[in-house]
Amino acid sequence: MWQETERHLYRAFTFQNFREAFAFMTNVALAAEKMDHHPTWTNTWNKVEIWLSTHSAGNTVTEKDRALAGIIDKIVPNP
């Protein structure tokens, strides 16, 4: 579930292994590039953390962030 503050949307994802985490990141990257809206994120082995904010709006949460979060939610593989 995404956590929202005034400054960003945040969510952590945990996968079975690095390969699954990297595949997820690749799919998110393709979606983000299509939207021209890129996340701040980290990856350590099977964990991916994502922070979304709109830099051009002063690093605040906008509808663009919520839209990308919704797309990311659809990319997450089913357990």
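**Close-up views of a predicted model**

**View 1. Contact between helices α1 and α2.** In α1, residues F24, N27, V28, A31, A32 and M35 meet K64, A67, L68, I71, I72 and I75 of α2, where contact means heavy atoms within 4.5 Å. By class, this contact of α1 with α2 comprises 10 nonpolar, 1 polar and 1 charged residues. Here Ala, Val, Leu, Ile, Met, Phe, Trp, Tyr, Cys and Pro count as nonpolar, Asp, Glu, Lys and Arg as charged, and the others, Gly among them, as polar. Helix α1 spans residues 18-35 and helix α2 residues 63-75; they pack at an angle of about 145°, with axes 10 Å apart. Axes are lines fitted to C-alpha atoms, for helices over the stretch in contact, and angles run from 0 to 180 degrees between N-to-C directions. The crossing of α1 and α2 is right-handed, that is, the near helix is turned clockwise from the far one by less than a right angle. Helices (H or I, at least four residues) and strands (E, at least two) are DSSP runs, numbered from the N terminus.

The model is predicted: local features need pLDDT of at least 70, side-chain atom pairs count only at pLDDT 80 or more, and totals for chains, interfaces and linings use all residues. Residues are numbered from 1 along each chain as its sequence is written, and side-chain values use heavy atoms, with hydrogens and water left out.

View 2. An open sheet is formed by 4 strands in the order β1-β2-β4-β3, with antiparallel pairing; two strands pair if DSSP finds at least two bridges between them. The edge strands, β1 (3-4) and β3 (40-44), each pair on one side only. Strands β1 and β2 are antiparallel and share 2 bridges, with Q3 opposite Y10 of β2. A hairpin of 4 residues links β1 to β2. Between β2 and β4 there are 6 bridges, again in the antiparallel sense, and A12 stands opposite E49 in β4.

View 3. Strand β3 is joined by 5 bridges to the antiparallel strand β4 (residues 47-52). T40 has W51 of β4 as its bridge partner. Helix α1 packs on the sheet and touches β2 (9-14), β3 and β4, its direction making about 165° with that of β3. N43 stands opposite V48 in β4. The hairpin of β3 and β4 has 2 residues between the strands, and W45 takes a positive phi near 45° there. T44 lies in strand β3 and counts as exposed because its relative accessibility is 59%, the cut-offs being under 20% relative accessible area for buried, over 50% for exposed and partly exposed in between (1.4 Å probe, protein chains only).

**View 4. The largest nonpolar core.** This core holds 16 residues, and those with the most contacts inside it are W2, F13, F24, V48, I50, L52 and I72. A nonpolar core is a set of buried Ala, Val, Leu, Ile, Met, Phe, Trp, Tyr and Cys residues joined through side-chain atoms within 4.5 Å. At least two residues of the core come from each of β2, α1, β4 and α2, and α1 gives the most, with 5 residues. Leaving aside neighbours within four places in sequence, V48 contacts R11, A12, F13, F15, A21, F24, M25, T42 and N43.
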